[in-house]
Structure formats: C-alpha cells, structure tokens
Amino acid sequence: MTSFYSLIRSCQTDWDHYIQHEFIQQLGKGILDRACFQHYLKQDYLFLINFSRVWGLAVYKSHDITEIRQSLNSLKTIAEVELDLHVEYCKKWRITENELKTLTEAKANTDYTQFVLDVGLNGDILDLHIVLAPCLIGYGMIANWLRKQHWYDAKNNPYTSWIKMYISKAFQQTMQNEIAWIDQRLLNIDTSRFEQLTTIFKQATQLEANFWQMGLDRSF
C-alpha cells in the first residue's frame, strides 16, 4: 500500500543525507559554529515568508471548505505566529529584526523556494503538500533522530532550544496529522501519479539538504 513512507523509500539515500546532514550532526553535538547557525536562522526567516505564500496558494488549490480552512489555518499560523516567534528567537542569537528585513537571499534558499512555488502554481493540493513534506515532516523526524543518537547532549548544547521546538508534543502531533493527510490521499493513486509525486518529493528533499549545506558553508 502506498503511503508517505513509500515516498521516503523511493529516495532513501537522499532522505538520509537530509536527515543526517553534517549541519544536523554538528548541531546535535553542540559543536556547530555559531555563525553557521545564525546564517541558517536568517535565511530561514526569508523561507518562512515564502512558506506563507505557498499556503496562500494552498487555499486557492483546496477542493472543499475543510481543505480551505486547513490551508488558511496554516497560512495564519506562519504569518501571525511563527514569523513573530522566529524574530524573537533570532534576537536571542543577536540577530536584530532590522537585519532580517534587509537580508540578501542565498541561492540555496532561492532555488528551494522557487521550486516549491512552481510546484504549488502548476500542481494540485496534493503536489503542494508533497513538496512541503520534507520541511513539515522532516524537521520532526530530524529531532527524533537526534534524540536517539548516543552522542546527543541535551544538557550542554546551545542548540537544545531549537531541537525542543521540533520534539514538542504540538509539533509532533502536527507532523503526524500531515502524514495521515498524505497517506489518505495516496491510497487510490496509480503508479504513474505516484512516480510524479516521488520526483517532486526527491527534489524537495535534495533542496532541503542544500539548505543545511548553505548554513554550514555560510554561502549566498
């Protein structure tokens, strides 16, 4: 039976590279260069703005009032809650709101967000959820993977607060809800359609990994 985990298995090597990226491993060990994390946080602010645009597209692409409300809720959560929380979190890392508003967008960020927006514009609501899955679901799985590593140090790690955001009960429940939504819509698709979705999922996963590399290299 086709499920979200079928998508992961279709590009397992790329998925593992994303989940276990060197950026993530250094973050989990608490040895990631502070400047690398700051660079990631700054670029993630720009990504969140584009992320909200994608959920705006999801409202339009929705098939019924239930999907419209779900997409609208996601849009409002990012635009009215998550962006403000991100700004406050950045302040703790000595990144000012003015810095965030005057950022240059890195190529890895532009490539990723443009791909997501293109899929959202040209595809349907399922395409849109699949292209967002490496982010929506991947971050929760990354946090869970980190917790299982023998070298993960939660007590003496400056990045524990970031990890805790994604192992929180609320985020993990959101992740499971998204997996269930995708699983339900993959039940009756044919092989050709599944192959289309795996192509989208694989590329989005690769672009997510590139985002980590951008942080590690502090590249633009």
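User: Which residue's backbone oxygen does the side chain of Thr199 reach?
Analyst: This is a predicted model, in which local features need pLDDT of at least 70 and side-chain atom pairs count only at pLDDT 80 or more, while totals for chains, interfaces and linings use all residues. Residues are numbered from 1 along each chain as its sequence is written, and side-chain values use heavy atoms, leaving out hydrogens and water. Thr199 is placed in helix H12; helices (H or I, at least four residues) and strands (E, at least two) are DSSP runs numbered from the N terminus. At 3.0 Å, the side chain of Thr199 reaches the backbone oxygen of Glu195.

User: Is Thr199 buried or exposed?
Analyst: Buried means under 20% relative accessible area, exposed over 50%, and partly exposed in between, with a 1.4 Å probe and protein chains only. The relative accessible area of Thr199 is 52%, so Thr199 is exposed.

User: Which backbone nitrogen does the side chain of Gln43 reach?
Analyst: Gln43 belongs to helix H4, residues 34-61. Gln43 is buried because its relative accessible area is 0%. Contact means heavy atoms within 4.5 Å, and beyond four places in sequence Gln43 has contacts that include Thr104, Glu105, Asn109 and Phe211. At 2.9 Å, the side chain of Gln43 reaches the backbone nitrogen of Ala106.

User: How many residues of helix H9 are buried?
Analyst: H9 covers residues 138-148 and is largely enclosed by the rest of the structure. Its buried residues include Tyr139, Met141, Asn144 and Trp145. Of the 11 residues of H9, the number buried is 9.

User: Which helix gives the most to the lining of the largest pocket?
Analyst: A pocket is an open set of points on a 1 Å grid over the protein atoms alone, where a 1.4 Å probe fits, with protein on both sides within 12 Å along at least five of seven lines; lining residues have an atom within 4 Å of a point. The largest pocket is lined by 32 residues, with Thr77, Ile78, Glu82, Tyr166 and Phe171 nearest its centre. Elements giving two or more residues to this lining include H4, helix H8 (125-136) and helix H11 (169-186). With 12 residues, the most comes from H5.

User: How many residues in the lining of the largest pocket are charged?
Analyst: Ala, Val, Leu, Ile, Met, Phe, Trp, Tyr, Cys and Pro count as nonpolar, Asp, Glu, Lys and Arg as charged, and the others, Gly among them, as polar. The lining has 18 nonpolar and 9 polar residues, and the number charged is 5.

User: What is the phi of Arg94?
Analyst: Most residues other than glycine have a negative phi. Arg94 lies in the loop between H5 and helix H6 (97-101), and Arg94 is exposed, with a relative accessible area of 71%. Although Arg94 is not a glycine, its phi is positive, at about 60°.

Notes
Polar contact = N/O pair within 3.5 Å; in protein donor to acceptor, adjacent residues only side chain to side chain.
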